[in-house]
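Good morning, and thank you for making time for this item. Please have the sequence and the structure open while I speak.

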Amino acid sequence: MSSTENQEAQLEEITVLSSIYGDDWAVLSEDCSTYTIHVTDGATPSHLSLDLQATLLESYPSEGPPLFDLRADWLSEEVKQSISSQLQSVYDETPGEVVLFRWIEWLREFLSTQACGLASLSSASGGADDSSQCVGEDAGQDLCDDKPCDLGAYDISGLSLSAADPDQDGYARQGSVPLSSTPQPAESCPKILHGETVTDRRSTFQPHCAEVHSVAQVMLVKDELLSNRKIASATHNIMAYRIFDEERRSWLQDCDDDGETAAGSRMLHLMQILDVKDVVVVVTRWYGGIHLGPDRFKHINNCTRSVLVEFGRVPAKDPAKLSTGSKHKKGSQRNK
C-alpha cells in the first residue's frame with residue numbers, strides 16, 4: 001500500500017469514527033494526525049472510563065498500527081501494558097488494515113467486563129474505594145472481586161444475541177433509538193424472534209422480528225431490544241413496521257434509519273413488496289471498521305426477509321412475490 005493509499009484509508013477511517021462517536025471523538029493535532037477518543041461502555045460509572053490517544057503515522061495502516069497512549073488514573077501500569085499488548089494483537093490479526101474502531105470496541109468490552117474488578121483491586125492497594133458503585137451486567141452480579149482479569153482479544157464478529165441470552169441493563173448510545181420514547185401501555189412486550197447473524201468484512205448484522213398490533217407495541221419491542229447491552233451499543237438499529245388497522249381499513253407503517261441513510265425505507269419497501277402486516281423488524285448492525293458500500297443494504301434486506309420467513313410471515317419460496325411482486329407493488333403503492 002502506497003503512502004497515498006495510507007492517507008486515503010486514514011481519512012476514510014477518521015470520517016467514519018467521528019460520525020459514530022460524535023463528541024467523544026476529538027482532534028488534538030491535524031498536522032500530526034493525533035486524535036483522542038473518550039471510551040466508556042455507557043453503563044460503568046463515569047470515573048471508570050479511559051481516553052485513547054492515537055497518532056496515525058504515514059506508514060499506518062499498511063506497515064503497523066498507530067502510536068497510542070492509554071489515559072486512565074485508575075489503571076495500573078501493569079494493566080495498561082497488558083491492554084497495550086492486546087491492542088497490538090488485535091492489529092496483528094488483520095495486519096495492514098485500519099484498526100481504531102476495533103480497538104475502541106475492544107476497550108468498551110473491556111470496560112463492561114473488567115473495569116469494576118480492576119478498580120476494586122486498585123482500591124485494595126490504597127486507591128479510592130469504588131466497589132460500592134460497581135455492578136455487573138446482570139442485576140446483583142458483583143464484579144468487584146479478586147478474580148483474575150481475562151484480557152482476551154475482543155472479536156466483534158462474535159457479537160450475537162440468541163433467544164436464550166439473558167436480558168442486560170441497556171443504554172442508548174448516540175444515534176440509537178432513544179429510551180425516552182418508551183410508552184406506558186398496560187400490555188406486555190410481544191415475543192421477539194432473533195434471527196441468524198450475517199458477517200461480512202467484520203460487520204455483523206442480526207435481524208429481530210415481532211408481531212405487533214399498535215405503535216405502542218412497536219415501542220415496547222424497541223425498548224426490549226435496547227435493554228440488551230450489545231444491541232444498544234451497536235452502530236445501527238434499523239427498524240420498519242407495518243400494521244393494518246382493521247377498524248379504519250388503513251395502514252400504519254413507518255421506518256427508522258438510525259443513522260444508516262435510506263436503510264429503513266428500503267426495509268419498509270421490501271415489507272410492502274412481501275405484503276406483510278402486523279409485524280416489526282429491526283436489523284442490528286455492528287460496524288466492523290470496513291466500508292461495505294451497497295452490500296450493506298443487500299445484507300439488511302436479506303436479514304429482513306430471512307427473519308420474516310423464519311417468523312412464518314413469508315413463505316420460504318414464493319416466486320410470484322419475489323420475482324414479480326416488486327412491479328405489482330409499485331403500481332399499488334400510490335394508493336397507500
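Helix α4 is mostly covered, with nine of its twelve residues buried. This is a predicted model, so every value I quote is computed from its coordinates. The helix runs over residues 215-226. From its first C-alpha to its last it reaches 17 Å, close to the 16 Å expected at 1.5 Å a residue. The buried residues of α4 are Q217, V218, M219, L220, V221, K222, D223, L225 and L226; among them, as you see, are K222 and D223. What covers the buried residues of α4? The cover includes the strands β5 (192-194), β7 (203-211), β8 (236-245) and β10, together with helix α5 (229-232).

I turn next to helix α7, residues 295-310. It has 16 residues and spans 22 Å between its end C-alpha atoms, close to the 22 Å expected. Which residues of α7 are buried? They are F297, H299, I300, C303, T304, R305, V307 and L308. Just after this helix, G312 takes a positive phi of about 85°.

Now to the nonpolar cores. The largest has 35 residues, and the members that touch the most others are W25, L50, L75, I83, L100, L107 and F110. At least two residues of this core come from each of α1 (3-21), β2 (34-39), β3 (50-55), α2 (77-93) and α3 (100-124). Helix α3 supplies the largest share, eight residues.

Aromatic pairs are my next topic, and the structure holds five of them. The pair of F101 and Y287 is edge-to-face, with 5.3 Å centre to centre and 70° between the planes. F101 lies in helix α3 and Y287 in the loop between β10 (279-286) and α7, so this pair ties together parts that are 186 residues apart in sequence. Both F101 and Y287 are buried. The second pair I wish to show, W106 and F110, is stacked, at 5.8 Å centre to centre with 5° between the planes. W106 and F110 are four residues apart in helix α3, so about one helical turn separates them. An α-helix has 3.6 residues a turn, so residues three or four places apart point the same way. W106 and F110 are both buried, and F110 is one of the core members already listed.

Some details of the backbone come next. The peptide bond from Y60 to P61 is cis, with omega near 10°. P61 is found in the loop between β3 and β4 (67-71). Two residues other than glycine also call for attention, R249 with phi near 55° and D258 with phi near 50°; phi is positive at R249 and at D258. R249 sits in the loop between β8 and β9 (250-256), while D258 is in the loop between β9 and α6. Are these residues buried or exposed? R249 counts as exposed, because its relative accessibility is 57% and the cut-off for exposed is over 50%. D258, in contrast, is buried, with a relative accessible area of 5%.

Q272 counts as buried because its relative accessible area is 5%, under the cut-off of 20%. Its side chain makes a polar contact with the side chain of Q253, at 3.4 Å.

I close with the confidence of the model. The chain averages a pLDDT of 75, and 71% of the residues score at least 70. Where does pLDDT stay under 50? One stretch is residues 125-185, for which the model has 129 contacts beyond four places in sequence. Another is residues 318-336, with 20 contacts beyond four places in sequence. Where pLDDT is low, the predicted coordinates should not be read in detail.

Technical notes: Residues numbered from 1 in each chain as written. Predicted model: local features only at pLDDT ≥ 70, side-chain atom pairs only at ≥ 80, totals over all residues. Heavy atoms only, no water. Core = buried A, V, L, I, M, F, W, Y, C linked by side-chain atoms within 4.5 Å. Buried < 20%, exposed > 50% of the residue type's maximum accessible area, 1.4 Å probe, protein only. Polar contact = N/O pair within 3.5 Å; in protein donor to acceptor, adjacent residues only side chain to side chain. Expected span 1.5 Å × (residues − 1). pLDDT = per-residue confidence, 0-100. Contact = heavy atoms within 4.5 Å. Phe/Tyr/Trp six-rings, centres within 6.5 Å; stacked < 30°, edge-to-face > 60°.
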